Amino acid sequence: MKSFSKKVLAGTTVAAVALAGSIGVLAAQEKPVIATVVKISGIPWFDRMNTGVEAYQEANPDVVASQSGPATADSAQQLQIVNDLVAKGVNALAVVPMDPAVLEGTFQRAMDRGIVVVTHEADNQMNTLADVEAFDNADYGAALNERLAECMGKEGKWTTFVGSLGSRTHMQWVGAGEENAKKYPGMELVDPNNESFDDANGTYEKAKEILRKHPDIKGFQTSAGNDVLGVGRAIDEAGLSGKVCLVGTGLPNPSADLLESGAITAIGFWDPQKAGMAMNAVAKLLLEKKEVTDGMDLGVEGYNKVSVKQGPGKGLLILGNGMVLADKATYKEHLF
């Protein structure tokens, strides 16, 4: 295994430093390294994913599994981290791309060096050996929109938020939402695809602008994990809880107060913990030169009977069945 530099890239988080340290220890142990890289560190969604990576490490002491990510939702910072890991010679990458296109060249170089590449939330990734999804993304986006339409009485103005225009899954979800809304002629999409960069405060400010511009707006469909918190806060402060509908991706614990107040109508999610475990499980299978087959049990809840088909490139597309929709009445069944 290659020796590792002590250099830590500017803009990376403490998690990246911890990862570099674990890799250095690993070099002496000669165990395979599976390096998980997320869109942004320090937010509830990817903190939860880190618990899955840690659980996978504990259950699989024959590998070293760690997670890192940029301090902000920035594709260039994420690319720096991935490039650094490739240079260090990790055995496998498990990446949640901020923008799949930005990572294509680096992933190809990684695979050329024999590094296993597994992705998540990137079913359009060409240069990956496997992309692991919790569910069919079109189905998820349509399900969010159907819940929004139900709340809106199937009419009125609505808008959408995405983490970034380059975020594959977010664009799939809002695209499927738009398609679903076509069933209801009374629903009018306005100012779509607002970029949030997973920043709850920025989303809050943007939501306030939209509420001022469209005082008669009836619904928001959001994508990034922090979007429901920012939009929900704007709705709540405007005294519109229960009057303006908000359905989007979010986690139960951070969303609890706004679900209780009615500012958030419903949240959709899959468990990032389980997704982290599933990505690492697939990476380990591929490191061991084992085949990933249709109907296979990855040993992770929500991924017990996966659908496996050819992806857009040479790799596989692996679909689980981990979709959850929850509202005020049901979110406590899924507290994390």
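Modeller: Strand β5 (residues 130–133) runs parallel to strand β13 (residues 316–319), and four bridges join the two. Within this pair, Ala130 stands opposite Leu316 in β13. Two strands count as paired if DSSP finds at least two bridges between them; helices (H or I, at least four residues) and strands (E, at least two) are DSSP runs, numbered from the N terminus. This is a predicted model, in which local features need pLDDT of at least 70 and side-chain atom pairs count only at pLDDT 80 or more, while totals for chains, interfaces and linings use all residues. Residues are numbered from 1 along each chain as its sequence is written, and side-chain values use heavy atoms, with hydrogens and water left out.

β5 and β13 belong to an open sheet of seven strands with mixed pairing, in the order β2-β1-β3-β4-β5-β13-β12. The edges are β2 (64–68) and β12 (307–310); each has a single partner strand, so one side of each is left without a neighbour in the sheet. From one strand to the next the twist averages 20 degrees. Axes here are lines fitted to C-alpha atoms, for helices over the stretch in contact, and angles run from 0 to 180 degrees between N-to-C directions.

Helix α10 packs on this sheet, touching β1 (33–37), β2, β3 (92–95), β4 (116–120), β5 and β13. The direction of α10 makes about 155 degrees with that of β4. Contact means heavy atoms within 4.5 Å.

Next, the cores. A nonpolar core is a set of buried Ala, Val, Leu, Ile, Met, Phe, Trp, Tyr and Cys residues joined through side-chain atoms within 4.5 Å, where buried means under 20% relative accessible area, exposed over 50% and partly exposed in between (1.4 Å probe, protein chains only). The largest such core has 78 residues, and Phe220 and Tyr303 have the most contacts inside it. Helix α10 (residues 272–287) gives the largest share of this core, nine residues. Another core, of 15 residues, lies apart from it and includes Val33, Val82, Leu85 and Val117.

Leaving aside neighbours within four places in sequence, Phe220 is in contact with residues including Leu148, Phe161, Val231, Ile235 and Leu246. Both Val231 and Ile235 are among the buried residues of α8. Eight of the eleven residues of α8 are buried, and what covers them includes β6 (156–162), α7 (200–213), β9, β10 (245–249) and α9 (252–261).
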